[in-house]
Amino acid sequence: MNPESPENVLFVVMDTVRKDHLTPYGYDRPTTPGLAEFAEEATVFEEAVAPAPWTLPVHASLFTGLYPSEHGADQENPYLDGVTTLAETLSRAGYDTACYSSNAWITPYTHLTDGFDDQDNFFEVMPGDFLSGPLARAWQTLNDHEALRAVADKLVSLGNTAHEYLAGGEGADSKTPTVIDRTRAFVDDSDGWFAFINLMDAHLPYYPPPEFAEGFAPGVDASEICQNSKEYNAGARDVDDEEWEAIRGLYDAEIAHIDAELTRLFEHLKSTGQWEETMVVVCADHGELHGEHDLYGHEFGVYDPLVNVPLMVKHPALSVDRRDDLVELLDLYHTTLDALGVEGGTPESAGDVARRLDPARSLLSAEYRSFDEGGGHGGGDGDDAPADPGRIAGGDYAFVEYSRPVVELKQLEEKAADAGITLPEESRFYSRMRAARRPEAKYVRIDRIPDEAYRLDRDPGETENLAGAGDDLVAATERVLSEFEANAGGAWDDADTGDVTDEAVEDMDAETQERLRDLGYLE
C-alpha cells in the first residue's frame, strides 16, 4: 500500500450516465457543479472504457477484476458463481463493507452483494423476498436448464416491466436520498471501510424531482414523452427532434439530482473529518443513447456513448490532472485492493476464482498498464485463477463484451409484435459483440451482421464503418481483438437459442412451478 493511502474507499457508480452530459467533461449545461468542484481535486480520465454496455456484467467485473466472458454473469446466466468478490476479500481483511443501491441487478439473487457486511437494495417495485430465497433458487434452476431460459427471461422481464410502469409517474420518489443517508450512517459507524453505492436516477424512466425538472426540462410532461426504449428500437414509435430535446432535458435533470445528492455526501465526509482519509472513485457503469445510430437506451450496441464512460478518482498518489491514456473499469478492482493494502487472491470457497492484486492494473502503481509485449497475460494471478486475457498489446487496448441481451430482446419482440413488425433475426438485436478499443480506433466483431470499425480520432461519432477498408490502425486493432478472443476461449460465432416447451415446463420442481403460477406465467 502506498504510504499516503487513505484508510477508506468510497466507490460511486452513477448508473447510465453519459460522459458528455457532465460539467467536468465540457457539457454546456450546468448539470454537475458538485462534480466540477470534485474534479478540481481529482484525476479526470478521458478514456475510461467499460467492459460491457449494461449493469450486471460491468458490476461483476468491478467486483472480480474479470472480463464478462470470464465471470459469466449476463442475462442468460444472471448471477456470479464460483468467484470471490472484492467485498469478500476486503471483509476478510478486516474492512467494514457496505453496498447500497436501487438497481434490481445488485441484489443477493445475482450474488453481486456477496461479502458485503451490510447491503440494502431500494429498488422501488420488487420486495426484498422477490430478490432472494425461493425465487433466486427458481431463477438458477431455470437458467441451468437450457430449454427453460425463455421462462427465466420472462421472470426478469417482470421486474423490468414493473419498474418501467410503476416506478415512474407523479408519485415516484427517487431512492438516491435514502442511499446517501444509509451511506452517511455507515461511514460514521465504521473504522476502515469500503462503501459502494449505485445511483439509478439517470436510468429510464426519467421522472426527476420537480425542482430539477423545472431547471432542465421546463414544461415537459414526463408521462407524455417516449419512456420505453423498446418501442422506439422496434420501430413501433417515432421520436422527433423536439421530443428528443425533452428526453435529454429530463435526463439532465436526473443527473443534476445525482450531483446534488453526491455533494451532500461529500460535504458530510468533509465536515466529519473523513474526506482526507478516503479514496473517492466516481464513474458510470455505462452510458445511454438518445437516437444516435437509431438506438435508444443502452442495448444492441457498443458505441462510445455507451462504453467510453466518465471516471474521476481522488487519491494522494494521483495528481490533480486530466489524463487521456487508456483505462479499463475492471482496473478499479485492483486499484481498490492497492489503495487498502490488500493482496487478494484467496478464494472465499474451495474452487472459487480469486484475482489477486496486479500492480499493472492499479491506477496507483508506477507499473500501471505496463503489460508485457507479446502476450504475457498471466501476471498477478493466484495459482487457480485464469490468465488475464486482456493483459496484451502493451496495455494500449480495452476490451468490451456484449452477450445476447435476452431480457431486452423479449421486450423488443413484444413491442414489435404489438405493432405488426417482424424483427429480422440477422440483425444487431440478436447479435453478440466483442470490441477492442484504443483512443484512436475501435474494432467490433458482431456475430450476425457485418463487423464495424471506426477511427475515433477522425470520426468520434462512429459514422463511417471502416471494417475491411484497409486502414492500418483499424487492422491492427482487429488483430489485437483476435488475440483477446483467442485468450478468452475463442470468438463468439453464434447466439444461443432456446425455446420453452410444455415438456420443459414439466421438468420444473414444484416450488418453481408454484412461484411462476403466483406470477401468472403458469395456469
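The buried residues of helix H12 are Asp331, Leu332, Tyr333, His334, Thr335, Thr336, Leu337, Asp338, Ala339 and Leu340. Buried means under 20% relative accessible area, exposed over 50%, and partly exposed in between (1.4 Å probe, protein chains only). H12 spans residues 331-340 and is mostly covered, with 10 of its 10 residues buried. Gly341 follows H12 and has a positive phi, near 70 degrees. Helices (H or I, at least four residues) and strands (E, at least two) are DSSP runs, numbered from the N terminus.

The model is predicted: local features need pLDDT of at least 70, side-chain atom pairs count only at pLDDT 80 or more, and totals for chains, interfaces and linings use all residues. Residues are numbered from 1 along each chain as its sequence is written, and side-chain values use heavy atoms, with hydrogens and water left out.

The largest nonpolar core has 123 residues. Such a core is a set of buried Ala, Val, Leu, Ile, Met, Phe, Trp, Tyr and Cys residues joined through side-chain atoms within 4.5 Å. Leu262 and Val282 have the most contacts inside this core. Helix H10 (residues 241-271) gives the most to it, with 11 residues. Leaving aside neighbours within four places in sequence, Leu262 is in contact (heavy atoms within 4.5 Å) with Val12, Met14, Leu35, Ile197, Leu199 and Val282. Another core, of 15 residues, lies apart from the largest one. Among its members are Tyr67, Ala436, Tyr443 and Phe484.

Four strands form an open sheet in the order S11-S12-S13-S14, with antiparallel pairing. Two strands pair if DSSP finds at least two bridges between them. Strands S11 (398-402) and S14 (452-455) stand at the edges; each has a single partner strand, so one side of each is left without a neighbour in the sheet. On average, neighbouring strands of this sheet are turned by 10 degrees against each other, direction ignored. S11 pairs with strand S12 (residues 433-438) in the antiparallel sense over five bridges. Val400 has Ala435 in S12 as its bridge partner. Helix H14 (residues 472-487) lies across S11, S12, strand S13 (441-446) and S14, at about 50 degrees to S13. Axes are lines fitted to C-alpha atoms, for helices over the stretch in contact, and angles run from 0 to 180 degrees between N-to-C directions.

Pro209 sits in the loop between strand S5 (193-199) and helix H8 (210-216). Pro209 counts as buried because its relative accessibility is 17%. Not counting residues up to four places away in sequence, Pro209 touches Glu254 and His257. Pro209 and Glu254 are 45 residues apart in sequence, and 7.8 Å apart in space, C-alpha to C-alpha.
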